[in-house]
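Here are some notes for a colleague who is opening this entry for the first time. Please read them with the sequence and the model side by side.

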Amino acid sequence: MPLAISRRTFAGTLGAAAGAALLDSPLVRRTAEAATARRARPLDAVLLNSNENPYGPSAKALEAAAKAPPNRYPDGLEEEVRAAIAKHHGVAPEQVVLGCGSSEVLRMADMAFSGPGKRVVAAEPTFEAVLMFAKVLHANGVKVPLTADFRHDLPRMAEACDGSTGLLYVCNPNNPTGTIVSGDEMAAFASRVQAETTILVDEAYHHFVEDPRYRSSCELIAAHPNVVVARTFSKIYGMAGLRLGYAIGPEAKIAAMAPYASWSNTNSAVLAATLECLADPDLVPRQKKTLNDTRRWLVSELAKQGRRTMPSETNFVMIDVGGDVAPVIQAFRARKILVGRKFPSLPNWLRVSIGTRPQTEAFAAALGEIVPVRAAAA
Ligand SMILES: Cc1ncc(COP(=O)(O)O)c(C=O)c1O
């Protein structure tokens with residue numbers, strides 16, 4: 001099945017009005033602002049703001065990336081990686097589409113399943129990309145607040161779906177809270193949501209989870225023709241700068257999304273590195289242990305100080321700073337430590353990504369100075 005369409009078909013699909021809206025959209029502005037902010041990162045700063053993996057991929061993966069032919073389009077390698085990912089999940093290659101990071105996969109899902117007048121339901125707060133892309137497409141984003149224990153409120157999300165709901169986004173584990181939806185909860189939810197609504201489960205942080213109640217929603221795909229799962233090589237695999245993500249789902253859903261991928265949306269370097277990553281049985285367990293051990297250390301240090309944290313199953317932690325987090329973020333920046341942005345619906349919570357142990361210790365020490373324990377507990 002061809003997985004690309006011509007540029008002309010793409011322009012026609014998008015439409016002139018949507019194209020103009022795209023240029024003057026909050027998404028483009030936010031993206032430009034984010035790019036500027038990233039460029040503004042002090043070079044010697046400790047980066048604990050984007051849930052990146054400080055260790056990066058293995059030496060073998062980097063070697064493969066360096067050897068990838070720079071003068072050839074990545075088509076052949078793309079098919080090889082698609083097949084390798086399909087084999088990894090025990091599905092057909094037609095059930096996999098690759099993206100320039102999973103961000104592109106999320107955008108493809110919006111383009112395929114939402115649009116003017118359609119409803120896109122997501123939690124608040126959650127990873128924002130799906131709602132931002134929905135806005136560009138003139139879809140109606142509906143935000144459903146998390147429960148009091150910072151988890152997806154699945155019953156209310158199901159209730160928020162009406163006949164016009166094209167896409168329902170569940171980030172599991174959730175960014176920025178780090179909380180999970182259990183396998184049983186997800187299965188019951190998938191059975192409840194109408195078949196016309198595509199359930200997009202973003203599993204960017206899947207590999208960090210240790211809670212035995214969690215299960216990947218990939219197991220739901222065979223029985224639910226409306227479940228699609230997004231994954232990324234940016235987090236545990238440490239390749240955020242190389243860019244590769246994918247969606248896995250029923251063939252019809254993947255076929256609906258694939259035309260919205262741009263041509264050669266991946267690159268030979270990341271594809272060559274990915275083949276090495278997938279062939280290395282030690283990489284995921286090693287990264288998981290290192291980063292989760294560091295998170296456990298941080299959480300126990302914070303607990304000793306009486307600070308409140310959200311139960312995280314990811315490579316980041318939310319910490320209650322007992323007041324507006326904005327000046328705290330600035331104070332960290334002044335110390336050349338970048339932490340997560342402020343989430344308006346959780347204004348007193350600071351999101352910190354897990355770095356190396358020394359970076360995480362530096363963060364903990366700085367937190368002690370910036371937010372003395374008495375202020376956090378107040
Ligand atoms: C939940 C979630 N999904 C998707 C992404 C996008 O990642 P990428 O485009 O690098 O795959 C992120 C990045 O932080 C994320 O937190």
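1. Helix α6 contributes the most to the shell around the ligand, giving three residues, where helices are DSSP runs of H or I with at least four residues, numbered from the N terminus. This is a predicted model, in which local features need pLDDT of at least 70 and side-chain atom pairs count only at pLDDT 80 or more, while totals for chains, interfaces and linings use all residues. Residues are numbered from 1 along each chain as its sequence is written, and side-chain values use heavy atoms, with hydrogens and water left out.

2. There are 13 residues around the ligand, and those that come nearest are S102, S103, D202, T232 and S234; a residue belongs here if one of its heavy atoms lies within 4 Å of the molecule. By class, the shell holds four nonpolar, six polar and three charged residues.

3. Which distances separate polar side-chain atoms of T232 and S234 from oxygen atoms of the ligand? For T232 the value is 2.5 Å, and for S234 it is 2.6 Å. An N or O atom in the side chain of K235 lies 2.8 Å from a ligand oxygen atom. Taken alone, the ligand exposes 390 Å², of which the protein buries 93%.

4. A109 is also found in helix α6, which spans residues 101-113. A109 counts as buried because its relative accessibility is 1%, the cut-off for buried being under 20% with a 1.4 Å probe and protein chains only. Beyond its neighbours within four places in sequence, A109 is in contact (heavy atoms within 4.5 Å) with S114, L167, L200 and M257.

Notes:
Helix = DSSP H or I, 4+ residues; strand = E, 2+ residues; numbered from the N terminus. Buried < 20%, exposed > 50% of the residue type's maximum accessible area, 1.4 Å probe, protein only. Polar contact = N/O pair within 3.5 Å; in protein donor to acceptor, adjacent residues only side chain to side chain. Areas by Shrake-Rupley, 256 points an atom, 1.4 Å probe, with all protein chains shown as cover. Nonpolar A, V, L, I, M, F, W, Y, C, P; charged D, E, K, R; others polar.
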